[in-house]
Amino acid sequence: IQKAIEKEKLNIQSEIDEIKEQIESRKGEYQQLKEKVDKIKLKENELKTELDKEREQYSKIGHEIKSAQKDIDLYDSGKCPTCGTDFLNAHFEGLKSSLLEKKESLEKIKTEIEDNMRSIRKKQVKLQTISDNTNKSFNDITYLLKGYKTQIERLQLQNGNDSSKSSVNIQ
């Protein structure tokens, strides 16, 4: 009976050692996935910040365009609404012309900002796909390693070995 117990303890210990080897073989993969998850989070924050800046610029440009259009509409009316001064002289035509040029350049900038925002959103979608896949893999390996740890604890209890010889840390 004693030999059977010793043999069982050896079998359990070899099973524990085998599981520990499996854990060690997966630690590198676990670390890589953890680093990748962290990098993805940083990139997500960078893209969010970049998109927020673009939105702010878009809003400012929109206000500038409206302001320029308001001034252009005033010159199109032909007379000052307050004093009745005629806007049909060379000075006011020059001002109107510069306002039209300003509005046109602002519209170009607005288009560039819209393109930048679309590009950032595409990057966010692509990053989200990568993030989902990476998080799934990370969660899978974390679950697997926790399962290994549970198996070791169960085997150690079964073996009557309550004092674990090596600590197995997952997180």
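In which helix is glutamate 93 found? Glutamate 93 is found in helix H2. Helices here are DSSP runs (H or I, at least four residues), numbered from the N terminus. The model is a predicted one, in which local features need pLDDT of at least 70 and side-chain atom pairs count only at pLDDT 80 or more, while totals for chains, interfaces and linings use all residues. Residues are numbered from 1 along each chain as its sequence is written, and side-chain values use heavy atoms, with hydrogens and water left out.

Helix H1 covers residues 2-77 and helix H2 covers residues 90-159. Their axes come within 4 Å and cross at roughly 165°. H1 is therefore roughly antiparallel to H2. Axes are lines fitted to C-alpha atoms, for helices over the stretch in contact, and angles run from 0 to 180 degrees between N-to-C directions. Angles over 145 degrees count as roughly antiparallel, those under 35 as roughly parallel, those from 65 to 115 as roughly perpendicular, and the rest as oblique. The crossing of H1 past H2 is left-handed: the near helix is turned anticlockwise from the far one by less than a right angle. The contact of H1 with H2 has 34 nonpolar, 16 polar and 25 charged residues. In this classification, Ala, Val, Leu, Ile, Met, Phe, Trp, Tyr, Cys and Pro count as nonpolar, Asp, Glu, Lys and Arg as charged, and the others, Gly among them, as polar.

The largest nonpolar core has 13 residues. Ile19, Ile23 and Leu145 have the most contacts inside it. H1 and H2 each supply at least two residues of this core. H1 gives the most, with 7 residues. A second, separate core has 10 residues, including Ile61, Ile65, Leu106 and Ile113. A nonpolar core is a set of buried Ala, Val, Leu, Ile, Met, Phe, Trp, Tyr and Cys residues joined through side-chain atoms within 4.5 Å. Buried means under 20% relative accessible area, exposed over 50%, and partly exposed in between (1.4 Å probe, protein chains only).

A search of the whole structure finds 1 aromatic pair. Tyrosine 30 and phenylalanine 138 form this pair, which is stacked, at 5.4 Å centre to centre and 25° between the planes. Rings of Phe, Tyr and Trp (its six-membered ring) pair if their centres lie within 6.5 Å; planes under 30 degrees apart count as stacked, over 60 as edge-to-face and the rest as tilted. The pair links distant parts of the chain, with tyrosine 30 in H1 and phenylalanine 138 in H2, 108 residues apart. Tyrosine 30 is buried, because its relative accessibility is 5%. Phenylalanine 138 is also buried, at 13%.

Individual positions were then examined. Glutamate 93 is partly exposed, with a relative accessible area of 38%. Glutamate 93 and aspartate 76 are 17 residues apart in sequence and 9.7 Å apart in space, C-alpha to C-alpha. Leucine 99 also lies in H2 and is buried, at 13%. Between leucine 99 and glutamate 24 there are 69 Å, C-alpha to C-alpha, and the two are 75 residues apart in sequence. Glutamate 114, in H2, is partly exposed at 26%. Its C-alpha atom is separated by 40 Å from that of cysteine 83, 31 residues apart along the chain. Glutamine 32 belongs to H1 and is exposed, at 57%. Glutamine 32 and histidine 91 are 67 Å apart, C-alpha to C-alpha, and 59 residues apart in sequence.
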